[in-house]
Amino acid sequence: MASLRVIAVDLGGTKILAGLLDRNGTVHRRCELPTPTGSQEALLRGIEEAVAQVFAEGVGAIGCGIPSVLDRRTGVSLDSTNIPLAGASLGERLIARFGVPAGVENDANAAALAEWKRGAGVGVDDLILLTLGTGVGGGVVLDGSLFRGWAELGHTLVVADGPPCQGTCTGRGHLEAVASGNAADRAAEALWGPGSTAEQLVQRAGGGDGAALEALAAIGRLLGAGIGSLVNVFGAELVIVGGGFGSAAAEFLFEPALEVARREALPPARKGLRIVEAALGPDAGLIGAGLVALAALDGER
Ligand SMILES: [Zn+2]
């Protein structure tokens, strides 16, 4: 079935990205629409519209990566922070509208699936993906299969009683509060005043600015503390770091992160531990959703 194609949907808080993909993950058509956030019905219609725009003859299934906590048996979205989707099944809706199998996965899990099958984690049985963007997301592959539960890796505790976390999270000192792009924005503001950004921090570090380098190293050490704990929980020896901030600042973050993570992690993970950059960039979500579609097609869910 070399000609078989699937539709992939990467749903974000601001945009819906839909693509027509073949089995190898090559994107043949793509469409980007703003995410309607006025109501659940508007959101579901927006997703249907994006799918319809790339739908083609011979499409076998639809896969979606969405920023929701999902009931992993039914695919029902239980709760979402940035989009109005709770208590509904996007998969059922798409099956009814388009008449093909549909699978839905948490977006961070889908990105982990993509890096594992097509990116920086190919051939590895255990890995942790962390995406450092506005927040911190992540997914886990264990014993050669995707962990489909609610893996909120960004909300693991790194600094007890540390800076407050983001959004609806009431925690303090979580990985997301100390190692996200937003945390880097705050580090930049502490150095150069209000309105300074993570981009400036990375740019000045690239130019050899000592204060910027140290601020990023400090973030890297906190990232490493979080990674050390995650490695102790999951026993993975490969940690893939991506996301807008994570990729842009990789050369400044990874070395201090690895040093601290090795200190915190117990053997044997300590010895073989590697921190590498995500390979798929912003397309990870779309490629992961394509893999979810292929799994739906093969009746895996
Ligand atoms: Zn949190």
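How many of the eight residues of strand β4 (residues 59-66) are buried? In this predicted model, eight of the eight are buried, so strand β4 is largely enclosed by the rest of the structure.

**View 1. Strand β4 and its pairing with strand β1.** Strand β1, which covers residues 5-11, pairs with β4 in the parallel sense, and six bridges link the two. Within this pairing, Asp10 stands opposite Gly65 of β4.

**View 2. Strand β4 and its pairing with strand β7.** Strand β7, made up of residues 102-106, also runs parallel to β4, and the two are joined by five bridges. Here Cys64 has Val104 of β7 as its bridge partner.

**View 3. The whole chain around these strands.** The secondary structure of the protein chain amounts to eleven helices and twelve strands, and the C-alpha trace spans about 55 × 45 × 35 Å along its principal axes. Because a compact globule of 301 residues would have a radius of gyration near 19 Å, the 19 Å found for the protein chain agrees with that expectation. Of the 301 residues, 51% count as buried, and among contacts between residues at least 6 apart in sequence, 61% join residues at least 24 apart.

**View 4. The surface and the charged side chains.** The accessible surface of the protein chain comes to about 13100 Å², and carbon and sulfur atoms account for 51% of that area. The chain carries 23 positive and 33 negative side chains, with the centres of the two sets lying 3 Å apart.

Conventions. Residues are numbered from 1 along each chain as its sequence is written. This is a predicted model: local features need pLDDT of at least 70, side-chain atom pairs count only at pLDDT 80 or more; totals for chains, interfaces and linings use all residues. Side-chain values use heavy atoms; hydrogens and water are left out. Buried means under 20% relative accessible area, exposed over 50%, partly exposed in between (1.4 Å probe, protein chains only). Helices (H or I, at least four residues) and strands (E, at least two) are DSSP runs, numbered from the N terminus. Two strands pair if DSSP finds at least two bridges between them. The radius of gyration is taken over C-alpha atoms; the globule rule is 2.2 Å times the number of residues to the power 0.38. Contact means heavy atoms within 4.5 Å. Accessible areas come from the Shrake-Rupley method with a 1.4 Å probe; for residues, only the protein chains shown count as cover. Lys and Arg count as positive and Asp and Glu as negative; His and the chain ends are not counted. The place of a charge is taken as NZ of Lys, CZ of Arg, CG of Asp or CD of Glu.
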